[in-house]
Amino acid sequence: MKRAAGLVAVLAVVVVLSLCVGDRWIGPGEVYRALTDFTGSDSDRVVRYLRLPRTVAGLLVGAALGLSGAVMQGVTRNPLADPGILGVSAGAAVAVVAAIGLFGIHSLSGYVWFAMGGALVATVAVYLVGAVGGTTPVKLALAGAAISALLGSVTSAATLLDLSTLNEYRFWVVGSLSLADHGIVAQAVPFVAFGIVLALVLGRSLNQLALGDDLAQALGTRVLLIRVLAGLAVVVLAGTATAIAGPIGFLGLAVPQVARLVVGPDQRRILPWSMLLAPVVLLLADIVGRVVARPAELQVGIVTALIGAPLFIALVRRRRTAAL
Amino acid sequence: MAVVRVLAVALSLSLLAGCAPSAAESPGATTVKNCGIDVSVDGPPKRVFAAYQPAIELAHALGISDRLVGTAYLDSQVLPEYTAAQSKAKYFKNLPSREELLSLNPDFVLSGFNDVFSAAGSDASFGSRKGLADLGVQTWIFSPLCPTADGKGDEAIDPATVSMDNVYADLRDLGRLFGVEDRAAQVIADQKRRIAAVSDAVKDAPRPTVAIIRPGLEGGGMTVSGGPDFGTVLIRQAGGVNAFADLTSKRNVKISVEEFIKRDPDYVLISGCCDASLTPAASQPDVNKILANPAFANLKAVRSKHVVPWLFANHSAGVRGAYTTENLGHILHPDLGRVW
């Protein structure tokens, strides 16, 4: 309990930092005034219209990716699973490419629906392919990898064939929180809230699923239903996150691992921990990206990859030594 | 028989000599230096490929439109005076691949952008200039875009080389290579006269700061034209100052939105790109977006509605220099615009 309170406190500090740090440091007092007593000054506008939506986007995207990663790892019983593996990100990306290239949709609020739809279709496709002759976590993961690869090559082909209209896609695909504004954030809130509730409710069932399908069934768990609900949670969470910020790697993979290290194997604790820890990491990465490359910004997707890749390798190595 | 054999040997030897890449220059060769690379032709090139807007407009300006075997990747509509010539040219929407290019059998490639010859180009690359020369294809880049080494791209431009004088020198050199020296001299004279008219008219006027920004590329901030971009020269000629001239790492510099707000430029030009049918009007939605964004409401350019739909093509180094200087003169100094 104490550790959970600590994590919440850390998250609060990071949120405040995210509002204060930028091209110019704006102190917490001034930030508070900008949010409560808006005067329309430059710093008020920077806080209110740039840093606030960006910070809220970081919270939403982080919570969504962390949770969906935890659910994925729980339901596939594959510690290396993340939202990418069920084809969620690849499906969202293909749909966004189609939105830009075929339908000329250039606003992020337009992408959201395509990203969600693409994520859903891809996930269903993965499930249908993986379900042939009985579902197993491994088959599901393999089907996800295969369909991700297929969709990824479609995306690459489309972007290579039409460089000019897909220029913006090339920037979106890196992953950034600074694309978010109030409208997009507001649109995303209900989706993320729904996904969070659904994912957290699944905690106990995921614990039973961890015992293996047969034992879980014997204990009265409706395995198929749990899988469908988990898939729905992942699609909604990762699809929305992808639409807001573009694909951001490693977060959904690494954060649940860290959570597991801290709180043990109980999904009822891993899930909320992942939900709180991922935004901490994401916002910190975003803050770092804002200051290291001035006057430019490093996109948060790049920073998380830079931080995440070594972390991921460390985790894999650790696991391997443990298995030996 | 012996005579035939001697003739055959002599013939094949001369053919071989002809094929040997720049081993020994033939007496009729014309050689000029472009970005530190010798460009040598035995006679005016007959099969020219022009990549990117500035190169395509240059070819039309020099009157060699009928020698174009292909044109690729326009950033916008060509200037009205070249519309007819361009409509007759073979056009590739995207850059052709190296193989596609070579299959057109060009003897000369004119490029309006250096990345096409870079080893790791942002778009498809034709290969390094030396590599193409080895295949008998001479190449050209506008010298204000000279990378510091062959095979390098945009990041390797020396800002000191970015000037209209370099464009004039290029025109003179190309006039020699293509055997159209008089036409080149005319083009230069016309450019100089028109630019001087604008610069003279605005020389005592206040100098507003101008930001050229690229829409749609704002992931992680926004992209503005920095010091090495030709826009810096054109803005100066039209009586303004590039608000980001001090950022000299690249032509297109990524900055944070907060940095943009801090600089608070007097004018914001939206650099619309890239489609052969594009006009400035296509950037109007991006203009509206900036005007409506509450984060930008305090900017001088926003309050005075000086956010202008514009073209990427306008601030590329080339024969658009005079046109753009006049155009910018009208935008920045509308009250003086009757002079030119």
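**Exercise 1. Find the disulfides and describe each one.**

Over all chains, the structure holds two disulfides. A disulfide here is a pair of cysteine sulfur atoms within 2.5 Å. The model is predicted: local features need pLDDT of at least 70, side-chain atom pairs count only at pLDDT 80 or more, and totals for chains, interfaces and linings use all residues. Residues are numbered from 1 along each chain as its sequence is written, chains are lettered from A in the order in which they are written, and side-chain values use heavy atoms, without hydrogens and water.

Step 1. Take Cys35(B) and Cys146(B). Their disulfide has an S to S distance of 1.9 Å. The torsion about the S-S bond is about -90 degrees, so this disulfide is left-handed.

Step 2. Cys35(B) sits in the loop between β1 (30–34) and β2 (37–41) of chain B, and Cys146(B) in the loop between β7 (138–141) and α6 (164–178), so the pair ties together parts 111 residues apart in sequence. Helices (H or I, at least four residues) and strands (E, at least two) are DSSP runs, numbered from the N terminus.

Step 3. Check accessibility. Buried means under 20% relative accessible area, exposed over 50%, and partly exposed in between (1.4 Å probe, protein chains only). Cys35(B), at 21%, is partly exposed. Cys146(B), at 12%, is buried.

Step 4. Turn to Cys273(B) and Cys274(B). Their S to S distance is 1.7 Å. The S-S torsion is about 95 degrees, so this disulfide is right-handed. Cys273(B) is partly exposed at 26%, whereas Cys274(B) is buried at 10%.

Step 5. Write the pattern. Counting bonded cysteines along chain B gives 1-2, 3-4.

**Exercise 2. Describe the setting of Asp286(A).**

Step 1. Locate the residue. Asp286(A) lies in helix α13 (residues 267–292) of chain A.

Step 2. Is Asp286(A) buried or exposed? Its relative accessibility is 1%, so Asp286(A) counts as buried.

Step 3. List its contacts, meaning heavy atoms within 4.5 Å. Leaving out residues up to four places away in sequence, Asp286(A) touches Arg54(A), Leu177(A) and Val300(A).

**Exercise 3. Summarise chain B.**

Step 1. Count elements. Chain B has twelve helices and 13 strands.

Step 2. Look at burial. Of its 340 residues, 54% count as buried.

Step 3. Look at contacts. Among those in chain B with a separation of 6 or more, 67% involve residues 24 or more positions apart.
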